[in-house]
Amino acid sequence: MSPKSAKLDSKKYVQEYKRKCRECKKVWHSLVSREKEIGGNVKLNACVQASTACGGNLGAATQSKRNVESQQELLDKLRKCPSCGSRNYAEEIIIYEKK
Ligand SMILES: [Zn+2]
């Protein structure tokens with residue numbers, strides 16, 4: 001129901017974060033869609049914990065609750081330098097066409 005703010009057709013384009021560590025200069029990539037998905041799962045869980053009906057899929061939410069800690073960890077891991085563990089990085093979004 002919510003209008004999509006993204007102008008890009010996700011079937012045609014891929015968006016990726018390109019991050020560069022300011023400490024050790026390591027460059028790594030992370031898919032925007034993947035982080036959104038993980039972030040969505042974490043939010044869903046927060047919803048359940050507040051025990052309010054979020055208009056949604058309680059079954060899926062309950063299921064994701066078990067995984068939420070590892071999801072949060074995963075997101076955390078994607079957002080720090082895989083080499084030195086620093087969160088001090090520069091970030092840009094790269095968009096490329098799917099082939
Ligand atoms: Zn680093």
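This is a predicted model: local features need pLDDT of at least 70, side-chain atom pairs count only at pLDDT 80 or more; totals for chains, interfaces and linings use all residues.
## Zinc site

The zinc ion is held by four protein donors, the SG atoms of Cys 21, Cys 24, Cys 81 and Cys 84, which lie 2.3 Å from the metal. Angles among the 4 donor atoms run from 106 to 117°, and the site is tetrahedral. For comparison, the ideal angle for four tetrahedral donors is 109.5 degrees.

Along the chain the donors are spaced as C-x2-C-x56-C-x2-C. Cys 21 belongs to strand E1 (residues 13-21), while Cys 84 sits in the loop between helix H2 (58-78) and strand E3 (89-97), so this pair ties together parts that are 63 residues apart in sequence. The structure holds 0 disulfides.

Cys 21 has a relative accessible area of 2% and is buried. Cys 84 has a relative accessibility of 42% and counts as partly exposed. The cut-off for a buried residue is under 20%, so Cys 21, at 2%, falls below it.

## Sheet

The model contains an open sheet of 3 strands in the order E2-E1-E3, with antiparallel pairing. Strand E2 (27-31) and strand E3 are the edge strands; each has a single partner strand, so one side of each is left without a neighbour in the sheet. From one strand to the next, the twist averages 30°. In general, the strands of a sheet pair through backbone hydrogen bonds.

The antiparallel pairing of E1 with E3 extends over 9 bridges. Within E3, Glu 92 is the bridge partner of Lys 18.

Lys 98 is located in the segment after E3. Its relative accessible area is 45%, which places Lys 98 in the partly exposed class.

Which residues does Lys 98 contact, leaving aside its neighbours within four places in sequence? They are Ser 10, Lys 11, Lys 12, Tyr 13 and Val 14. For Val 14, the C-alpha atom is separated from that of Lys 98 by 6.3 Å, although the two residues are 84 residues apart along the chain.

Methods. Residues are numbered from 1 along each chain as its sequence is written. Side-chain values use heavy atoms; hydrogens and water are left out. Donors are N, O and S atoms within 2.8 Å of the metal (3.2 Å for Na, K and Ca); water is not among the atoms, so sites may look incomplete. Four donors count as tetrahedral if all angles lie between 85 and 135 degrees; four count as square planar and six as octahedral if opposite donors are over 155 degrees apart and all others between 65 and 115; anything else is irregular. Helices (H or I, at least four residues) and strands (E, at least two) are DSSP runs, numbered from the N terminus. Buried means under 20% relative accessible area, exposed over 50%, partly exposed in between (1.4 Å probe, protein chains only). Two strands pair if DSSP finds at least two bridges between them. Axes are lines fitted to C-alpha atoms, for helices over the stretch in contact, and angles run from 0 to 180 degrees between N-to-C directions. A disulfide is a pair of cysteine sulfur atoms within 2.5 Å. Contact means heavy atoms within 4.5 Å.
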